[in-house]
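Thanks for coming, everyone. I would like to walk you through one structure this morning, taking the helices, the sheet and the ligand in turn.

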Amino acid sequence: MAEVILAESAGFCFGVKIAVDAAKEAGEKYGGAWTDGPIIHNKQVVEFLERLNVKQLSPEQQLKKGETVLIRSHGVPPKEEQRLKEAGVNIIDATCPFVKKVHDKVRQLVEEGYFVIIIGEHGHPEVIGILGHLEDAGGEGMVVSNMEELIKNLPHKRRIGIVAQTTQNEDFFREAVGYIAENTEEVKIFNTICDATSVRQEEVKKLAPTVDVMIIIGGRHSGNTNRLAQISRALNPNTYHIEKADELKPEWFEGAERIGVSAGASTPDWIIQEVVEKIKQITG
Ligand code: SF4
């Protein structure tokens, strides 16, 4: 049987645990809640929560007074929070404390007079929330998602402050910071990539080159899972990104002796265990 090595920190981070527990509680205590998108980027967990009546708002839906709305771990722009308050709904705020820290750092940079660069993914809900706080603080800034974009669009500002979306790739963040620092008179940097993200990425960097096959488990829309898969693939071309055990193909493991497994921060333990068991069955 091949050896299966599971990365130590694979699976739910503490921010996701908070959000999923809050959603379960909303289902059990309040008979359900609305969310402005999936609570986490994991289809199986979202389906489980839907059975507890925790469902996603549709774009045209009007909220009724007294209904419950759960703010996801990604956070929301202040304007959106205000809109919810005015609608008279009960708000459960499950914004991850690491995301709140990015909001605070953006406000600090604006107060200190910096133009703010957010190293992050355009259109991601967390980045939309961060931009909302930038706007609310009356600041100026931009989002940068790759080096090409940064080199093309870096503005001529004397003072630039930098933050990162919490799940950004550490290597890209470092490269971007280096480039901005070389081309700007004064730079202030807050590395707001959360510990959960950096620990998972470091583990994959160590594990991927030492195994024959690497399996990364997590939602296809999960940014942090996709980045783990990218990092792993760059170090080991035999990397496969799956959402659940029945996607595993026996031919991936032919001749493999060591198999590495990791999972994004929104992947529940039971899915990870199913995958590990299935790999053992296939290779056994
Ligand atoms: S990945 Fe980090 S920022 Fe995102 S929810 Fe988890 S702990 Fe919070």
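Before the first pair of helices, a word on terms: an axis here is a line fitted to the C-alpha atoms of a helix over the stretch in contact, and an angle runs from 0 to 180 degrees between N-to-C directions. Please keep in mind that this is a predicted model.

With that in hand, look at helix α3, residues 78-86, and helix α5, residues 125-136, whose axes come within 7 Å and cross at roughly 90°. Because angles of 65 to 115 degrees count as roughly perpendicular, α3 is roughly perpendicular to α5. Where they meet, Pro-78, Lys-79 and Glu-80 belong to α3, while Gly-132, His-133 and Asp-136 belong to α5, and by class this contact has 1 nonpolar, 2 polar and 3 charged residues.

Turning to the sheet, we find an open one of 4 strands, in the order β1-β12-β10-β11, with parallel pairing. Its edge strands are β1 (3-6) and β11 (239-242), each of which pairs on one side only, and the twist from one strand to the next averages 20°.

Within that sheet, β10 (residues 213-217) and β12 (residues 258-263) run parallel and are joined by 5 bridges; Ile-217, for instance, has Ala-263 in β12 as its bridge partner. Helix α10 (residues 269-283) packs on the sheet, touching β1, β10 and β12, and its direction makes about 155° with that of β10.

Finally, what surrounds the ligand? There are 15 residues around it, and Cys-13, Gly-15, Cys-96, Thr-166 and Cys-194 come nearest. The shell divides into 9 nonpolar, 6 polar and no charged residues, and α1 gives the most to it, with 3 residues.

Technical notes:
Residues are numbered from 1 along each chain as its sequence is written. This is a predicted model: local features need pLDDT of at least 70, side-chain atom pairs count only at pLDDT 80 or more; totals for chains, interfaces and linings use all residues. A residue is near a molecule or strand if its C-beta atom, placed from the backbone, lies within 6 Å of it. Helices (H or I, at least four residues) and strands (E, at least two) are DSSP runs, numbered from the N terminus. Ala, Val, Leu, Ile, Met, Phe, Trp, Tyr, Cys and Pro count as nonpolar, Asp, Glu, Lys and Arg as charged, and the others, Gly among them, as polar. Angles under 35 degrees count as roughly parallel, over 145 as roughly antiparallel, 65 to 115 as roughly perpendicular and the rest as oblique. Two residues are in contact if their C-beta atoms, placed from the backbone, lie within 7 Å. Two strands pair if DSSP finds at least two bridges between them.
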